[in-house]
Amino acid sequence: MDRGQEYTKLTVRAYEEKYGPAKEADTPVSFDLRKEDPGPDARPPKDLRALQGILGMLLWLSRCARCDITFAVAVLSSRVHRWTDACGTQLGRLSGYLKKTIGTRLHLRVHKQDDAMDLELVSLR
């Protein structure tokens, strides 16, 4: 098991300890939070510190090991002080996606004979 897999497991465990079991998902997001108007009543969540910790773990993961979650993490992180139920739903979905795809990695392969590159999704299970 590589460092990215270990950290993914740690991140999912941190989410599940705080919010309960993550339901496995095929995609990291189900809708675009940028299109949702949080309204004037949106506030930071009561468990702001715990949420910031989980989002920090997700930021590290998206930068160092799982570029496939970058969009979802960026949108969630931008909404931390205007958190809504939809944000919580998306965080749960992202955790479920990580849980389901824990052994999946993106690999970039460059061909030596020409300038072509291939991007592959590889399961390490």
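This note sets out, in numbered points, the fold, the core and selected side-chain pairings of the structure.

1. Basis of the model. The model is predicted, so local features are given only where pLDDT is at least 70 and side-chain atom pairs only at pLDDT 80 or more, while totals for chains, interfaces and linings use all residues. Residues are numbered from 1 along each chain as its sequence is written, and side-chain values use heavy atoms, with hydrogens and water left out.

2. Overall fold. The protein chain contains four helices and two strands, which run α-α-α-α-β-β from the N terminus on. Helices (H or I, at least four residues) and strands (E, at least two) are DSSP runs, numbered from the N terminus. Of the 125 residues of the protein chain, 38% count as buried. Buried means under 20% relative accessible area, exposed over 50%, and partly exposed in between (1.4 Å probe, protein chains only). Contact means heavy atoms within 4.5 Å. Among contacts between residues at least 6 apart in sequence, 69% join residues at least 24 apart.

3. The nonpolar core. A nonpolar core is a set of buried Ala, Val, Leu, Ile, Met, Phe, Trp, Tyr and Cys residues joined through side-chain atoms within 4.5 Å. The largest such core has 23 residues, and those with the most contacts inside it are L58, I69, L76, L91 and L94. Helix 1, helix 2, helix 3 and helix 4 are the elements that give two or more residues to this core. Helix 4 gives the most, with six residues. Residues up to four places away in sequence aside, L91 touches Y15, Y19, L51, I54, L58, L76 and W83.

4. The buried side of helix 3. Which residues of helix 3 are buried? They are A72, V73, V75 and L76. These residues cover an arc of only 165° around the axis, so they lie on the same side of helix 3. The arc is that of the directions from the helix axis to the C-beta atoms. The cover over the buried residues of helix 3 includes helix 2 and helix 4.

5. A buried serine. S62 is placed in helix 2 and is buried, with a relative accessible area of 10%. A polar atom of the S62 side chain lies 3.0 Å from the backbone oxygen of L59. A polar contact is a pair of N or O atoms within 3.5 Å; within protein, one must be able to donate a hydrogen and the other to accept it, and residues adjacent in sequence count only if both atoms are side-chain atoms. Apart from its neighbours within four places in sequence, S62 is in contact with C67, I69, T70 and V73.

6. Salt bridges. Side chains of opposite charge can pair when their charged atoms come close. A salt bridge is a side-chain nitrogen of Lys or Arg within 4 Å of a carboxyl oxygen of Asp or Glu. The whole structure holds five salt bridges. One of them joins D26 and K100, at 2.2 Å from N to O. D26 lies in the loop between helix 1 (3-19) and helix 2 (48-64) and K100 in helix 4 (residues 85-100), so this pair ties together parts that are 74 residues apart in sequence. D26 is exposed at 58% relative accessible area, whereas K100 is partly exposed at 32%.

7. E36 pairs with R79, the closest N and O atoms being 2.9 Å apart. E36 is in the loop between helix 1 and helix 2, and R79 is in the loop between helix 3 (70-78) and helix 4, so that the pair links distant parts of the chain, 43 residues apart.

8. Aromatic pairs. Rings of Phe, Tyr and Trp (its six-membered ring) pair if their centres lie within 6.5 Å; planes under 30 degrees apart count as stacked, over 60 as edge-to-face and the rest as tilted. The structure holds two aromatic pairs. Y7 and W60 form a tilted pair, 4.5 Å centre to centre with 55° between the planes. Y7 lies in helix 1 and W60 in helix 2, so the pair ties together parts that are 53 residues apart in sequence. The ring centres of Y15 and Y19 are 5.2 Å apart and their planes are at 35°, so this pair is also tilted. Y15 and Y19 are four residues apart in helix 1, which separates them by about one helical turn. Y15 is buried at 8% relative accessible area, while Y19 is partly exposed at 33%.
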